[in-house]
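The sequence and structure come first, and the notes follow by topic.

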Amino acid sequence: MRIVKRISYVWSALALLALGAMQTSAVATAAESKPVAVVSFAGYDALKKDVGFVGELAGMPELAQAAEGLLAIVTRAQGAAGLDKTKPIGAAVFLSEESKPSGYLFIPVDDVDKLLDVLQDVVTDVEDQGEGYSSFKTKRGPTLTMRETKGWVFVSLSKDFLTDVPADPTTLLGDLPKTYDLAVKLNVGNVPEPLIQLAIQQIRVGAEQAMKKAPAQDDEAAEAFRKAFTESSIESLTQAIQDLQSYTFGFAIDDKTRSAYLDIQVDMKDGSPLAKQLNGTADGAKPSTLPGLADAARVFNFHINAPIIGDEAKTTLKLLEDGRKLAADKIAEEVKDEEGQKTLKKMANDFIDVIAATIEEGQINGGAVVTGDGPFSVVLGVHVADGKKLEKIVKEAIELGKKDENFPKVEIDAEEKGDVSFHTVVLPESEDEEAAENVEKFFGTDELSLSLGFGKKSFLIAIGDDPIEATDLVLKAAPASLPSKTTPLTLQLKVGPIMKMAAEQVGEEQPLVKVMADALAESKNDHINLQALLIKNGERIRFEIEEGVIAAFGKSVVKASQKGGAK
């Protein structure tokens with residue numbers, strides 16, 4: 001949750017910085033500042049290698065040759081003539097001290113004339129301007145300026161942007177071409193300070209205006225809570241802008257990991273408060289109290305285990321106290337019975353006490369798993385400071401709920417497994433026939449049960465045909481490998497069983513679904529993964545698709561194309 005929150009703050013910061021940049025105009029040379037953004041494409045040979053790898057997985061080893069053949073048709077048998085296929089292609093954007101933008105595209109070449117001939121359907125009216133400069137027109141685009149240097153062509157909107165270009169522009173890209181096929185890096189740390197301050201000012205002004213436009217709260221506690229939450233968000237966003245060094249988006253098809261992945265990486269300035277917090281996260285991490293939620297053998301698992309660091313605990317506890325006052329006022333407003341008020345206020349206070357005690361322990365730990373191969377059960381769990389106190393609150397809430405004649409059937413103290421006591425609820429069947437049918441297919445029963453489990457340090461909810469048994473299996477699970485201290489968040493989805501169930505439901509109506517299901521049934525590497533990884537001074541979130549999924553998708557595409565060709 002902290003990771004998602006930080007990313008949302010950074011996204012907001014980047015949007016404000018971009019707005020500030022768009023408000024400026026005029027010319028600046030690249031020499032006046034470091035790049036605030038770069039784009040990296042690993043190059044022709046890297047792309048050809050990726051296409052070959054995907055073809056191998058999809059059972060089409062000739063795919064790379066077929067792609068080159070298609071390129072030859074489009075380019076009148078010239079292919080990529082004139083292009084240096086071994087080097088990356090890139091682009092860079094700069095901002096001067098006056099926040100004036102400039103930039104250029106750079107392309108590796110071994111023969112400029114041949115490359116221009118290949119592009120003659122796009123590039124027209126090339127005019128030599130001397131000293132290595134040329135201008136040309138683009139169909140459906142502006143007139144551009146080109147500068148030739150040894151082994152490179154630089155292209156920009158203005159000649160002034162090209163007066164001082166590097167001999168080797170790949171130095172602007174760093175390790176991006178080696179790490180990713182395609183990447184964008186936003187170097188926020190290179191944004192001039194005046195623009196940073198403008199972004200911070202816009203944040204504060206925008207927040208103040210939003211507060212003024214928001215409907216006034218009748219309740220003083222509710223208004224105080226909203227104000228405290230807004231101020232906390234502003235401070236966090238301001239800190240993110242000041243501490244952020246760079247933000248990187250990178251995509252790669254990797255024949256070494258045999259997967260395709262998308263990375264989103266945040267790097268903080270060395271020595272900044274947020275960098276220190278991130279670097280200290282692994283040191284402060286405690287072992288997971290619910291390791292079964294990280295079991296990769298399950299159809300789906302989501303696991304988070306991260307310390308609460310810095311001022312986050314203080315801020316959250318302050319918001320909880322504001323929430324306590326808000327809850328008390330709402331109860332007094334909605335419940336007229338004095339005894340009822342007293343009971344509900346005690347329950348609310350006890351519940352907030354449990355949350356506060358959990359925050360004070362300094363650990364966020366929990367997640368969810370889907371068990372079985374179809375039908376399935378769903379188990380969710382979270383670490384709490386006092387599970388038995390939380391159980392007492394829930395029992396009190398159930399007793400109050402039983403006064404309603406429509407309250408579902410509940411069995412208190414249904415079973416006990418180890419130190420976990422369970423209570424069950426029989427959920428009413430949906431009146432929507434289609435929804436009820438889908439529920440029965442997924443869970444394997446038309447009488448769905450929900451269990452609430454309370455351990456000394458845990459709270460668990462499960463849904464399924466036998467939710468208590470499913471929860472017990474998760475609690476006893478000993479995953480082959482647990483996420484390390486540097487991976488506070490993991491999510492894995494095993495696609496094979498999902499596609500198998502989908503194929504059984506659609507039958508012969510969707511034959512391509514069966515093609516994917518059959519291909520995935522033969523593969524062990526059929527996961528879609530999401531992982532947050534702590535790195536020095538930052539975090540990286542990786543979304544990964546394993547080779548089995550790529551192969552199955554490729555085979556379904558091949559099957560579809562063959563079917564289309566047969567027509």
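Helix 9 (residues 312-334) and helix 10 (residues 338-360) pack with their axes 10 Å apart, at an angle of about 175 degrees. The model is predicted. An angle over 145 degrees counts as roughly antiparallel, so helix 9 is roughly antiparallel to helix 10.

**Contact of helix 9 with helix 10**

- On the helix 9 side, the residues in contact are Ala313, Thr316, Leu317, Leu320, Gly323, Arg324, Ala327, Ala328, Ile331 and Ala332.
- On the helix 10 side, they are Gln341, Leu344, Lys345, Ala348, Asn349, Ile352, Asp353, Ile355, Ala356, Ile359 and Glu360.
- By class, this contact of helix 9 with helix 10 consists of 13 nonpolar, four polar and four charged residues.

**Contact of helix 2 with helix 3**

- Helix 2 (residues 44-57) packs against helix 3 (residues 63-74) with axes 7 Å apart and an angle of about 130 degrees.
- That angle makes helix 2 oblique to helix 3.
- Helix 2 contributes Tyr44, Lys48, Val51, Gly52, Val54 and Gly55, which meet Leu63, Ala64, Ala67, Glu68 and Leu71 of helix 3.
- Seven nonpolar, two polar and two charged residues make up the contact of helix 2 with helix 3.

**Nonpolar cores**

- The largest nonpolar core holds 23 residues.
- Val191, Ile196, Ile241 and Met268 have the most contacts inside this core.
- Two or more residues of the core come from each of helix 6 (193-213), helix 7 (220-243), strand 9 (244-254), strand 10 (259-268) and helix 8 (273-284).
- Helix 6 gives the most, with six residues.
- Another core, of 16 residues, lies apart from the largest one and includes Tyr133, Leu162, Tyr180 and Ala252.

**Helix 13 and its cover**

- The buried residues of helix 13 (residues 467-476) are Pro467, Ile468, Ala470, Thr471, Asp472 and Val474.
- The elements covering these buried residues of helix 13 include strand 12 (363-371), strand 13 (377-383) and strand 14 (409-417).
- Strand 15 (420-426), strand 16 (449-454) and strand 17 (458-464) are also included in that cover.

- Asp472, found in helix 13, has a relative accessibility of 7% and so counts as buried.
- The C-alpha atoms of Asp472 and Lys417 are separated by 7.0 Å, although these residues are 55 residues apart along the chain.
- Glu539 is found in strand 20 (residues 538-546).
- Glu539 has a relative accessible area of 7% and is therefore buried.
- Glu539 and Met268 are 271 residues apart along the chain, and their C-alpha atoms are separated by 8.9 Å.
- Met268 is also one of the residues with the most contacts inside the largest nonpolar core.

- Most residues other than glycine have a negative phi.
- Glu131 is not a glycine, yet its phi is positive, at about 55 degrees.
- Glu131 is found in the loop between strand 4 (123-130) and strand 5 (133-138).
- With 76% relative accessibility, Glu131 counts as exposed.
- Asp413 also has a positive phi of about 55 degrees without being a glycine.
- Asp413 lies in strand 14, and its relative accessible area of 47% makes Asp413 partly exposed.
- Strand 14 is among the elements that cover the buried residues of helix 13.

**The chain as a whole**

- The chain contains 16 helices and 20 strands.
- Of its 567 residues, 45% count as buried.
- Among contacts in the chain with a separation of 6 or more, 68% join residues 24 or more positions apart.

**Confidence**

- The mean pLDDT of the chain is 84, and 89% of the residues score at least 70.
- Where is confidence lowest, and where is it highest? Helix 1 (residues 2-22) has the lowest, at a mean of 40, and strand 8 (residues 182-186) the highest, at 97.
- The pLDDT is below 50 over residues 1-32, a stretch that has 73 contacts in the model beyond near neighbours in sequence.

Terms used:
Residues numbered from 1 in each chain as written. Predicted model: local features only at pLDDT ≥ 70, side-chain atom pairs only at ≥ 80, totals over all residues. Heavy atoms only, no water. Axes fitted to C-alpha atoms, helices over the stretch in contact; angles between N-to-C directions. Helix = DSSP H or I, 4+ residues; strand = E, 2+ residues; numbered from the N terminus. Parallel < 35°, antiparallel > 145°, perpendicular 65-115°, else oblique. Contact = heavy atoms within 4.5 Å. Nonpolar A, V, L, I, M, F, W, Y, C, P; charged D, E, K, R; others polar. Buried < 20%, exposed > 50% of the residue type's maximum accessible area, 1.4 Å probe, protein only. pLDDT = per-residue confidence, 0-100. Core = buried A, V, L, I, M, F, W, Y, C linked by side-chain atoms within 4.5 Å.
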